[in-house]
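Please read these notes alongside the structure.

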Amino acid sequence: MADGRESVFTSLDNAKTQLYHYKAIVIAGMGFFTDAYDLFCITAVTKLIGRLYFYDPSTNKPGVLPPNINNAITGVALFGTLAGQLFFGWLGDKLGRKKVYGITLVTMVGCALASGLSFGSSPKSVVTTLCFFRFWLGFGIGGDYPLSAVIMSEYANTKTRGGFVAAVFAMQGVGILVAGAVALVVSRAFMLAFPADSFHTNNVLSTQPEGDFVWRIVLMFGAIPAALTFYWRLKMPETARYTALVKGDHDKAAADMAKVLEKPIDSFPISTAGGESETPKKVVLAPSSAYGLFSREFVRIHGLHLVGTTSTWFLLDIAFYSLQLTQKDIYPSIRLLPKSTEMNAIEEVYLLSKSMLLMALATTVPGYWFTVFLIDRIGRFPIQLGGFILMSIFMAILGFEYEDLRGEKCPSVSRFDYCNGNPKVFAVLYGLTLFFANFGPNSTTFIVPAELFPARLRSTCHGISAAAGKAGAIIGAFVVQSYTQEVKGVKRAIRGLALVNLFGVLFTLLVPETMGRSLEEISGENNEVGGKGVTSVVADDKEVKAENTNGVEKEKTTQAEMEMV
């Protein structure tokens, strides 16, 4: 290259790991921080909401959420997430990653705060407004899935791209840890300030009215870390690959990346008819080569890839979210929690948060970081395949040995719900399932769709894949949870989830390995721009004018020359 400078894509693919990579991980990962924070917290606070708003004195038991209301509170955000993944995934390809990125963050922050400000004091009004804001919180979180994955993959170098995208997703682990710490601190502070007897001792005063502040504070706190990254999201430049390959402005892409990499960069040269090289102001794909999502060309090249990414994410989330959403029921079985009658309302939040935090530290969070450090060494395919297989094995053991591992109902005088079981083995099997979900398909199903597809469709296809995953999560929240009301149902559900993971093994065979290759090589774009025999339109900046018609930007080229590149 002239003056020893490199092309945009070569510079990105070969760039050394720099401060901007780590900054991008934190900025892009805040959506997943909020996602995990919300998922963790809602599991803990639903027990408290049940005690506060749904106590029935005739049952002589602490108040609990009716199954349909519990499913609505925990599952409504999943519907919002699915919608957000489809909408913002499409919008990210139409308007650009940067333009849409700030919208998703504002939505997340605003709705996280509003979740703690549910209006009214009656159970119906609180649940209704909580579900309303949680839907829109999910909508914002959903937009962050395709945008964050695509932005990080397009910023990263080839050697460490998988690790960087995995690190963005691993911010879920940070969200879990912060959520656990916040829930522990807040509930502990209220326990000390407002002590109360257990439900067994005093079934009325065991539910402190001040507990209403606990769940609101815990939910609202999740908005603060995300809000702190708003300024940096606005300052992030558009990804060079979107600017160059979709907008066709290689000079702008080179200028943006030169600022980020702190080195001069040239856009790639185009051969002229005389055999010489020049760097054009604009390079735009000819319509014949710029195939769309619903074209035969896309189906031929990427059809099976999209089937693979959507099906594996769908199957994974059925199992993964079923495990996550039923944690509050699993912990009594492994004797991490005493009977609900042996605790007061706020104490239950404290002990449940403590149990969840310990499990996360031991299994969930390490799984994320095993993926970060190993994915660019052993590849995406082995991690996903091995994860599905091991999850299936551990869940099959849990399903067939559930009663023996859990034990039988304890006498009424016992502090725990179940006795004569094997809680340590139960905890190990449950923990290993979570570990290999995260050091497995929960991470890889997020990473691979951000690498397989061409830049102009990358965000859309990632959004479609992620939305398929959330459809699976909805099945987990509304269908699988309905089987957890009795022992036989739990056993059938866990065995069914083991079978679901086996189907994940089969569909993983449709997903190719992407490690060690550039995004353009993986997606086939190196044959569309700069490849042999593929037509592109080359024009000078003065010859490309933006024309706004009905709010839609169109570029028209005058005196453009069609060349064989």
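Predicted model: local features only at pLDDT ≥ 70, side-chain atom pairs only at ≥ 80, totals over all residues.

1. The crossing of H5 with H21 is right-handed.

2. On the H5 side, the residues that meet H21 are Tyr145, Pro146, Leu147, Ala149, Val150, Ser153 and Glu154. H21 contributes Ala455, Arg458, Ser459, His462, Gly463, Ala466 and Lys470. Sorted by class, this contact of H5 with H21 holds 7 nonpolar, 4 polar and 3 charged residues.

3. A second pair is helix H15 (residues 345-378) with helix H18 (residues 423-438): their axes come within 7 Å and cross at roughly 25 degrees. H15 and H18 therefore run roughly parallel to each other, because the angle falls under 35 degrees. Their crossing is right-handed.

4. From H15, the contact uses Met359, Thr363, Thr364, Pro366, Gly367, Tyr368, Phe370 and Thr371. From H18 come Ala427, Tyr430, Gly431, Leu434, Phe435 and Asn438. The contact of H15 with H18 has 8 nonpolar and 6 polar residues, and no charged ones.

5. Helix H3 (residues 67-95) has 29 residues, which at 1.5 Å a residue should span 42 Å; the C-alpha atoms at its ends lie 41 Å apart, so the two values agree. H3 also bends by about 40 degrees at glycine 75. Just after H3, glycine 96 has a positive phi of about 110 degrees.

How values were computed
Residues numbered from 1 in each chain as written. Heavy atoms only, no water. Helix = DSSP H or I, 4+ residues; strand = E, 2+ residues; numbered from the N terminus. Expected span 1.5 Å × (residues − 1). Bend = angle between axes of the 7 residues up to and from the residue. Left-handed = near helix turned anticlockwise from the far one by under 90°. Contact = heavy atoms within 4.5 Å. Nonpolar A, V, L, I, M, F, W, Y, C, P; charged D, E, K, R; others polar. Axes fitted to C-alpha atoms, helices over the stretch in contact; angles between N-to-C directions. Parallel < 35°, antiparallel > 145°, perpendicular 65-115°, else oblique.
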